[in-house]
Amino acid sequence: MRLLMWWSGRALSSAATLLGVSVLIFAAVRLMPGGFAETVLGPFATAEQKAELAARYGLDQPVFLQYGHWLGAVAGGDFGISMISRQPVGTEILARLPVTAELTVLAVAVSALAGVPLGVLTAVRGRPGGGGTAGRLLSGLGVSVPEFVLGSLVVFVFSRYALGLEVGAWVPFTRDPGANLAAMVLPAAVLSVFAISVTARTTRDAVLGVLVEPYVTAAVGRGESPWFIVRHHILRNAATPVVTLLGTITAYLLGGALIVEHVFNLPGIGSYIVQAVGRRDYAVVQAGVLLAAAVFIVMNVLIDLLVGVLDPRLGVLAGRRS
């Protein structure tokens, strides 16, 4: 019964959140300077031409009617037709989904493999002159540098000096796995820089909290090796906040892929949405933002369930003792 009530509550809250996001994005795209007609027809189009184009796509109807038609279609799995390519938006998003999914998975893997050891190092060797100072410096730099700045710098350096990795030479994984991974190395590295920094900081704080626990002191007193203490006592008990963060970062990296894909010219959902914003392709922008919100909600639900598995005391289904 408790499980059913929890799922019902999360379903209702998720539906309300998606409804709110749909209202906001539907209004936001129509408040952007320069409408679809001006973007497609140019600044010298006549009023008759603009009216004809608006009537063709239903943009001459009241906004609440446009929203109702769009929301009803989305509820039935129809995200509309792209005003530019005249293709179904859902089909085009599915075609680009593997690129964005691969980029996100690689960035999450790099964030975990680099951020967690860096966080442990900065916590365990946090004394002056140890590895903690360098780790904190790298973490601070990663948080401070925007992705589009770092990505543009990487593109310039690797394009200018031919350092062995081609920029913009993407090929499908099924056609050439080696070339595909070579093309994804730089975008995944740029996308993961911020996530590495945040993961390192969170891991450091979690490890510092565990280091003062009595069982760690007892393990040191028993003469256990530092690696054994880190592996069996520290990492296990510091895992919950790190796992929670990595789940949240996954949703964040999907948003960061918007810029990184555009900078590196990857044919993913991110670059598709960025191009749609410039062209005022309303259906594409609305579908992309709604999809990102849905992914974020699903990730939060999965995080709650995973936290309950890692630490039953913090689980969403844990009962309260009176």
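A residue is called buried when its relative accessible area is under 20%, and Thr 199, at 0% relative accessibility, therefore counts as buried in this predicted model.

**Figure 1. Overview of the predicted, helical model.** The secondary structure of the protein comes to 13 helices and 0 strands, so that from the N terminus on the elements run α-α-α-α-α-α-α-α-α-α-α-α-α. Of the 322 residues in the protein, 36% are buried. Among contacts between residues at least 6 apart in sequence, 73% join residues at least 24 apart. The average pLDDT of the protein is 78, with 83% of the residues scoring at least 70, whereas over residues 127-131 the pLDDT is below 50, and this stretch has 4 contacts in the model beyond near neighbours in sequence. Where pLDDT is low, the predicted coordinates should not be read in detail.

Figure 2. Thr 199 has its place in helix α8, which spans residues 177-211, and its relative accessibility of 0% puts Thr 199 under the 20% limit for a buried residue. Not counting residues up to four places away in sequence, Thr 199 touches Ser 111, Gly 115, Val 116, Leu 245, Leu 246 and Ile 249.

Figure 3. Leaving aside neighbours within four places in sequence, the residues in contact with Thr 250 are Thr 104, Val 108 and Met 299. The helix α11 itself bends by about 40°, and the bend is placed at Gly 256.

Figure 4. Just after α11, Asn 265 takes a positive phi of about 60°, a positive value in a residue other than glycine. Asn 265 is found in the loop between α11 and α12, the latter being residues 269-279, and at 56% relative accessibility Asn 265 counts as exposed. For Arg 86, phi is likewise near 60°, again a positive value in a residue other than glycine, and Arg 86 is found in the loop between α4 and α5.

**Figure 5. The largest nonpolar core and a second, separate one.** The largest nonpolar core has 20 residues, and those with the most contacts inside it are Leu 103, Val 154, Leu 191, Leu 253, Val 260, Phe 264 and Leu 266. The elements that give two or more residues to this core are α5 (89-124), α7, α8 (177-211) and α11. A second, separate core of 14 residues includes Val 29, Met 83, Val 89 and Ala 283. Returning to the largest core, where Leu 266 is one of the residues with the most contacts, Leu 266 touches Val 99, Leu 103, Trp 170, Met 184, Pro 187, Glu 261 and Ser 271, not counting residues up to four places away in sequence.

**Figure 6. Leu 150 in helix α7.** Leu 150 lies in helix α7, which runs over residues 147-161. Apart from residues up to four places away in sequence, Leu 150 touches Val 145, Val 190 and Val 193. Although Leu 150 and Val 260 are 110 residues apart in sequence, their C-alpha atoms are 9.5 Å apart in space.

**Figure 7. Aromatic rings around Tyr 67 and Trp 70.** The count of aromatic pairs in the model comes to 3. In one of the pairs, the rings of Tyr 67 and Trp 70 have their centres 6.1 Å apart and their planes at 50°, and the pair is therefore tilted, since planes under 30 degrees apart would count as stacked and those over 60 as edge-to-face. Tyr 67 and Trp 70 are 3 residues apart in helix α4 (residues 63-75), and so they are separated by about one helical turn. An α-helix has 3.6 residues a turn, so residues three or four places apart point the same way. Tyr 67 is buried, with a relative accessible area of 16%, and Trp 70 likewise counts as buried at 9% relative accessibility. Together with Phe 26, Tyr 67 and Trp 70 form one aromatic cluster.

**Figure 8. A charged side chain over an aromatic ring.** The charged end of Arg 96 sits over the ring of Tyr 272, at 4.2 Å from the centre of that ring.

Notes. Residues numbered from 1 in each chain as written. Predicted model: local features only at pLDDT ≥ 70, side-chain atom pairs only at ≥ 80, totals over all residues. Heavy atoms only, no water. pLDDT = per-residue confidence, 0-100. Contact = heavy atoms within 4.5 Å. Phe/Tyr/Trp six-rings, centres within 6.5 Å; stacked < 30°, edge-to-face > 60°. Helix = DSSP H or I, 4+ residues; strand = E, 2+ residues; numbered from the N terminus. Buried < 20%, exposed > 50% of the residue type's maximum accessible area, 1.4 Å probe, protein only. Lys NZ or Arg CZ within 6 Å of the ring centre and 35° of its normal. Core = buried A, V, L, I, M, F, W, Y, C linked by side-chain atoms within 4.5 Å. Bend = angle between axes of the 7 residues up to and from the residue.
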